[in-house]
Amino acid sequence: MPRYHSPLMQMLIISGVCFLGPGMFNALNGLGGAGQLDARTTSDANAALYASFAVASIIGGGIVNMAGVRIPTAISCLTYALYTATYIHYNHTHRGLLTIAAGAVLGVGGGILWTAQGVIIVSYPSENEKAKFIAIFWVVFNVGGLLGGVLPFAINYSQSGALTDSVYMLFVVLECVGACVALMLAPPSTIVRDDGSRATMPQTNSGLRNEATRVLRVFRNKWMLMLAPMSFASNFFYGYCFSAYNGALFTPRTRGFNNLLYWTASIISSIALFALLDSPQWPRRTRGIYAVCVVVLASCAVWAAALVVQLRYSRGGDSTDYPGGLLDFLQTRAAGPISVYFFMGVVDSWYQNMCYWIIGTLTCDARTTARYIGFHKGVQSVGAALAWQLVARDVPFIAQLAVNWALLGVSLPSMAYVVMRIEDRALDDRLMYLSPRVNKSFVSGDSCIEMSATPKQKSNRLTAAII
């Protein structure tokens with residue numbers, strides 16, 4: 001049994017929270033229209049969600065640094081339950097205003113929750129365990145999506161309508177349990193790694209004004225700005241995958257079946273990527289370059305396969321013009337499109353894991369990580385909000401696919417540039433082994449990413465901190 005204040009235990013707790021909160025949300029979204037026959041309300045709600053998510057994520061780093069991870073995460077998890085509950089109201093009234101408003105509230109909660117999650121899985125582990133922690137989290141988190149796909153698939157196996165109230169209520173209960181699990185999280189300042197180092201460094205001037213200043217400095221950080229295209233693209237494809245592909249091309253029960261495959265693929269692939277990113281066989285920079293090549297090549301292959309399927313239809317739902325109508329998992333002709341959706345889950349997991357791993361190479365300090373993750377999630381949410389607007393405004397499916405593929409190409413150069421300058425160990429991680437006096441001297445300045453400094457500058461700064 002891991003120590004309560006160990007990074008592993010805290011990672012397992014936040015994994016459980018995301019299993020019960022965001023995991024259930026992903027399961028609903030993966031059904032296309034959150035299990036509704038009319039996906040427009042869900043698309044509008046998702047657009048509102050990601051718009052508020054973008055703002056909440058950017059300030060989320062400051063909130064987590066000031067208030068800790070426990071209470072903000074618990075409250076944030078309740079916003080997932082609120083959002084899901086509004087679909088019970090929608091089932092009886094078919095009025096989407098409450099669901100859209102709940103989506104905006106969920107965006108605030110989600111932005112804070114995912115910032116806290118990023119702090120735990122990226123900054124708590126030691127340098128040689130980051131990919132392992134990310135992979136373990138991704139496995140537990142996606143089991144939530146996996147089970148969330150089983151429930152509606154089993155309950156609605158013999159019917160083709162919207163999800164029933166009982167299914168939505170079950171999701172609400174699970175999401176409330178997630179809020180209770182979040183209360184088990186420990187403060188970042190109490191986390192001690194197995195090697196004796198701490199997950200965060202002592203910091204002076206941690207007031208509101210100083211924290212706001214440090215959050216704003218991230219917008220001038222060269223490396224986070226270079227990773228902005230990667231962040232923007234990292235959730236953009238959900239709109240197309242969940243709605244324009246799974247939601248438009250398959251029968252309701254097959255959407256649930258597809259979700260089982262999608263999240264299973266994410267679980268398996270995250271383990272495979274971890275084996276590469278934490279391999280002691282190569283330096284960290286080399287591992288990163290190999291991983292980027294694998295992710296990009298796999299993503300291009302999946303988008304090419306999706307294009308082959310997409311060229312066969314332009315409308316979804318009951319009015320689809322796909323040859324033979326909507327696809328059911330019992331039909332032989334569905335094997336190809338379902339396989340494509342499976343591999344969408346593979347590249348989703350790889351791309352998301354790669355994003356966290358790259359950010360994790362920039363710093364090991366929990367407070368700095370909170371600001372970096374907040375920036376990443378904010379930019380990511382701007383992209384997701386625009387993607388769901390494309391869905392809500394009935395932009396042609398082929399155009400949505402083209403935009404997603406183009407974003408992959410745009411994000412590649414800057415992502416590769418950052419990866420090629422990764423070092424085996426962040427400077428602030430080395431400073432955590434020094435005395436509290438040295439740490440305090442160092443972090444009283446700007447403890448931002450050190451990759452931009454020359455070796456001589458880094459040496460001088462380390463010497464100045466020690467002196």
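Reader: Is F343 buried, exposed or partly exposed?
Author: In this predicted model, F343 has 45% relative accessibility, so F343 counts as partly exposed.

Reader: And F342, what is its relative accessible area?
Author: F342 has a relative accessible area of 24% and is also partly exposed.

Reader: How many aromatic pairs are there in the whole structure?
Author: A search of the whole structure gives 28 aromatic pairs.

Reader: What about W138 and F141, how far apart are the ring centres?
Author: The centres of the W138 and F141 rings are 5.5 Å apart; the planes stand at 65°, over the 60 degrees cut-off, so this pair is edge-to-face.

Reader: Where do W138 and F141 lie?
Author: Both are in helix α6, residues 130–155. They are three residues apart, about one turn of that helix.

Reader: Buried or exposed, W138 and F141?
Author: W138 is buried, at 4% relative accessibility. F141 is buried as well, with a relative accessible area of 3%.

Reader: Back to F342 and F343, what geometry does that pair have?
Author: F342 and F343 are edge-to-face, with 90° between the planes and 5.2 Å centre to centre.

Reader: Which residues form the aromatic cluster with W303?
Author: F237, Y238, Y240, F242, Y245, F250, Y262, W263 and Y341 form one aromatic cluster together with W303.

Note on methods
Residues numbered from 1 in each chain as written. Predicted model: local features only at pLDDT ≥ 70, side-chain atom pairs only at ≥ 80, totals over all residues. Heavy atoms only, no water. Phe/Tyr/Trp six-rings, centres within 6.5 Å; stacked < 30°, edge-to-face > 60°. Helix = DSSP H or I, 4+ residues; strand = E, 2+ residues; numbered from the N terminus. Buried < 20%, exposed > 50% of the residue type's maximum accessible area, 1.4 Å probe, protein only.
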